[in-house]
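Dear colleague,

I am passing on to you the structure that I have been going through, and below it you will find my notes on what turned up. Please read them with the structure open beside you.

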Amino acid sequence: MPMNEENKEFRPLIVAFCCNWCSYAGADLAGSSRLSYPADVKIIRVPCSGRVNPMFILRAFERGADGVIICGCHPGDCHYSTGNYYARRRMALLFSMLEYMGIENGRTRVEWCSAAEGAKFSKTMNEFCEKVKSLGQNVRLGDLRCKN
Amino acid sequence: MQELINRLKELLADGTVVRVIGWKKGDMPYNPEPAYFEKAEDFDNFVYDGFCGANLSKMMIEAAKLEGKTAVCLKPCDTYSFNQLIREHRVNRENTYIIGVGCRGKLDIEKARKAGIKGIKSVSGVDIEGDGDVTFDTIYGEKKMAYSDLMLDRCHVCKGKDHVIFDEVIGESKDTGDKDRFEDVIKIEKMTPEERFAFFKSELSKCIRCNACRNVCPACSCRKCVFDNTKFDSQQKANVDSFEEKMFHIIRAFHVAGRCTDCGECSRVCPEGIPLHLFNRKFIKDIDEFYGEFQAGKDPEAQSPLTDFTFDDLEPKDAVGRGE
């Protein structure tokens with residue numbers, strides 16, 4: 001049976017780490033305001049963007065994610081005062097390292113998004129999804145040591 | 001070397017220390033190994049020459065827990081690692097007597113092998129006081145090589161001739177640095193993403209996960225490592241899943257980011273010759289560029305950049321794509 005044209009289209013798998021106190025609520029607001037964002041985005045709730053271990057991101061990629069986005073409170077608004085400042089440093093270094101290793105830099109992103117910014121959340125996710133779609137499937141991080 | 005041995009024997013005899021950590025002769029003239037010395041006669045095997053590249057500071061984690069004081073021989077660059085261990089409360093400074101030993105660059109036998117020197121019977125000209133070429137007596141005759149051509153890569157980016165922490169210094173040191181520390185990193189940064197990926201893929205696929213880089217690293221001093229699993233003995237060191245297998249080096253580099261003193265031990269011990277320091281140096285370069293110059297281990301009181309922040313740090317999106 002010929003495959004449906006629609007099914008052939010590449011759908012990226014995107015993992016979004018959302019801070020419980022802002023972006024997760026922002027996603028809620030986007031939903032209750034009827035603002036759409038792609039269903040390819042899979043949200044994982046974390047207590048704070050500072051909870052996101054760089055290993056989470058690498059593991060997501062290794063398990064087949066095509067893009068990873070981390071959403072946290074705006075700097076200065078962290079529920080735990082300083083969590084997102086640490087996250088900012090870590091992610092800057094990690095993303096720079098991934099770029100150094102030749103991973104396309106559009107696959108990772110950090111966005112600060114408050115609970116009141118449902119529109120921004122939906123816009124960011126749409127943008128990011130388009131970007132990852134244009135990059136195509138994530139091959140490099142899944143196969144770094146030619147084991148598969 | 002004799003001066004050093006005499007002083008160590010003296011320290012043992014007068015009871016200042018009860019043991020010494022140094023190097024003893026290996027089974028080949030070019031592979032001395034770290035060892036404990038507890039009696040005067042043990043020193044017959046003591047050696048300190050150009051091939052004593054091993055950083056002994058990590059051995060002090062366990063040695064400083066033993067009864068009595070331990071003397072440890074540290075080269076100038078090793079003292080940075082020791083300072084960093086003090087910073088992390090991993091060694092007991094009171095139980096340690098640091099002998100700063102002189103250094104004029106350490107040698108890499110692989111460089112001689114690459115130059116086609118094989119069947120080595122003995123080596124001369126590698127003494128710590130000497131100055132001049134290294135002579136190899138091989139089964140094919142005598143071969144000469146300039147000292148600096150034989151030096152480890154890390155010695156070409158020497159951190160300087162000063163010990164940052166010591167109780168006493170024996171012997172003269174020399175700053176052997178003649179290359180820019182970030183030269184190799186910048187070279188890779190200038191490649192296209194495809195070339196970079198191909199480069200790292202070819203390098204990392206050589207890894208046999210022997211864990212030598214982790215075991216030798218003075219910054220990798222956790223009692224329980226994320227790469228250990230719950231099994232016993234050597235099985236404990238086997239990778240838990242394919243994820244670890246692939247990401248081992250990125251994760252390890254990230255764990256030591258901001259704490260790595262760039263001692264270069266990881267690249268020295270790698271049996272496959274993977275340039276692992278390129279990861280650590282990239283983090284050091286980024287930290288210097290983003291958050292101001294920082295040399296881990298220089299100051300035992302300094303805050304590591306990754307446990308610190310400022311209100312107007314660089315945004316992650318500005319950290320990437322700088323070369324474009």
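Predicted model: local features only at pLDDT ≥ 70, side-chain atom pairs only at ≥ 80, totals over all residues.

**Chain B as a whole**

Taken along the principal axes, the C-alpha atoms of chain B fill a box of roughly 60 × 50 × 40 Å, and buried residues make up 37% of the 324 residues in the chain. The secondary structure of chain B comes to 12 helices and 8 strands.

**A sheet in chain B**

Chain B contains an open sheet of 3 strands, in the order β5-β6-β7, whose pairing is antiparallel. Its edge strands are β5 (120-124) and β7 (141-145) of chain B, each of which pairs on one side only, and the twist from one strand to the next averages 25°. Strand β6 of chain B, residues 134-138, is joined to β7(B) over 5 bridges in the antiparallel sense, while β5(B) and β6(B) pair, also in the antiparallel sense, over 4 bridges.

Individual residues let you follow this pairing across the sheet. S124(B) has T135(B) in β6(B) as its bridge partner, and T135(B) in turn stands opposite K144(B) in β7(B). Elsewhere, T138(B) stands opposite G141(B) in β7(B), and the two strands β6(B) and β7(B) form a hairpin with 2 residues between them.

**Two helices in chain A**

Turning to chain A, helix α2 (residues 23-32) and helix α5 (residues 118-135) of that chain pack at an angle of about 90°, and their axes are 7 Å apart. An angle of that size makes α2(A) roughly perpendicular to α5(A). On the α2(A) side the contact is made by S23(A), G26(A), A27(A), L29(A) and A30(A), which meet G118(A), F121(A) and S122(A) in α5(A). The residues of this contact divide into 4 nonpolar, 4 polar and no charged.

**Where the two chains meet**

Between the chains, 32 residues of chain A are in contact with 35 residues of chain B. On the side of chain A that touches chain B, the elements that give two or more residues are α3 (54-62), α4 (83-100) and β4 (108-112) of chain A, and the largest share, 14 residues, comes from α4(A). By type, the residues on this side of chain A divide into 17 nonpolar, 4 polar and 11 charged.

One residue to look at here is M97(A), which lies in helix α4 of chain A. Is M97(A) buried or exposed? There are 21 other C-beta atoms within 10 Å of its own, and because a count of 20 or more is what defines a buried residue, M97(A) is buried. Leaving aside residues up to four places away in sequence, M97(A) touches I250(B), K282(B) and F283(B). As for its place within its own chain, M97(A) is 81 residues along the chain from A16(A), and the C-alpha atoms of the two are separated by 20 Å.

With best regards

Terms used. Residues numbered from 1 in each chain as written. Chains lettered and ligands numbered in written order. Axes fitted to C-alpha atoms, helices over the stretch in contact; angles between N-to-C directions. Parallel < 35°, antiparallel > 145°, perpendicular 65-115°, else oblique. Contact = placed C-beta atoms within 7 Å. Nonpolar A, V, L, I, M, F, W, Y, C, P; charged D, E, K, R; others polar. Buried ≥ 20, exposed ≤ 12 C-beta atoms within 10 Å, placed from the backbone. Pairing = 2+ DSSP bridges.
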